[in-house]
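Notebook open, chain loaded. I'll jot down what I look up, going from the overall fold to single residues.

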Amino acid sequence: EISDLPLRVSQVGREEYIGQYFWLVPGWRSLPEWQGIWQDRLRLAGERDGPILTEDSFRLPDGSYGYADSATTAVRDATGALQFFIVQATDTTARKRAEMALRASEASHRTLLDSMADGVFVAQSDVFAFANPVFSEMLGYSAEELATLRVDAIIAREFVAEWTEAV
């Protein structure tokens with residue numbers, strides 16, 4: 001059987017894959033750069049006990065990139081002779097794209113916060129999770145030092161109750 005991932009990449013029907021040798025299927029032919037990668041991967045899987053775990057990227061027909069995690073395992077008979085390989089792939093495209101968008105968003109926000117003239121901090125569980133350079137400079141601590149301090153150690157005593165209640 002075959003999952004939808006290679007069918008989406010190659011845009012051909014299931015019947016083009018079932019019963020074919022791996023190196024003759026459309027997905028293999030349409031991605032010549034993978035031929036060398038998979039020859040090495042199958043060789044390595046054949047030399048090891050247990051799966052070879054990999055993260056792959058590939059170009060989709062629309063020009064965008066997709067991503068997959070795969071496990072390639074050699075299956076042997078009772079004498080230890082190699083019989084075949086099992087390749088299990090999981091489409092991780094949505095997760096990878098979300099991670100990339102999150103990193104881009106974090107970088108954008110960090111650039112904005114770092115360039116502000118006002119001191120800004122983020123507290124989580126009563127500790128400083130983030131402080132921009134202006135805030136650190138205002139208090140005379142480095143960002144690393146602030147990360148080790150509880151927020152209530154910095155706030156004036158008369159405001160600790162108000163801070164605790166607000167959080």
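This is a predicted model: local features need pLDDT of at least 70, side-chain atom pairs count only at pLDDT 80 or more; totals for chains, interfaces and linings use all residues.

I started with the order of elements: from the N terminus the chain runs α-α-α-β-β-β-α-β-β-α-α-α. That comes to seven helices and five strands; helices (H or I, at least four residues) and strands (E, at least two) are DSSP runs, numbered from the N terminus.

Residues are numbered from 1 along each chain as its sequence is written, and side-chain values use heavy atoms, with hydrogens and water left out.

Overall dimensions next. I get a radius of gyration of 26 Å, whereas a compact globule of 167 residues would be near 15 Å (taken over C-alpha atoms; the globule rule is 2.2 Å times the number of residues to the power 0.38). The C-alpha trace spans about 75 × 40 × 30 Å along its principal axes.

Then burial: 24% of the 167 residues are buried, meaning under 20% relative accessible area, with exposed over 50% and partly exposed in between (1.4 Å probe, protein chains only). Among contacts with a separation of 6 or more, 27% link residues 24 or more positions apart; contact means heavy atoms within 4.5 Å.

I also checked charge. There are 15 positive and 26 negative side chains, and the centres of the two sets lie 8 Å apart. Lys and Arg count as positive, Asp and Glu as negative, and His and the chain ends are not counted; each charge is placed at NZ of Lys, CZ of Arg, CG of Asp or CD of Glu.

Which residues does Arg 41 contact beyond its neighbours within four places in sequence? I find Ile 52, Thr 54, Asp 56, Ser 70 and Thr 72. Arg 41 sits in helix 3 (residues 32-47) and counts as buried because its relative accessible area is 8%.

Ala 68, in strand 2 (residues 65-76), is buried too, at 5% relative accessible area. Leaving out residues up to four places away, Ala 68 touches partners including Leu 5, Thr 54, Asp 56, Phe 58 and Thr 92. I also noted a C-alpha separation of 6.2 Å between Ala 68 and Ala 89, 21 residues apart along the chain.

Last stop, the hairpin. Strand 4 (residues 121-124) and strand 5 (residues 127-131) run antiparallel, joined by four bridges; strands pair if DSSP finds at least two bridges between them. Gln 124 stands opposite Val 127. Two residues lie between the strands, and Ser 125 takes a positive phi near 55°.
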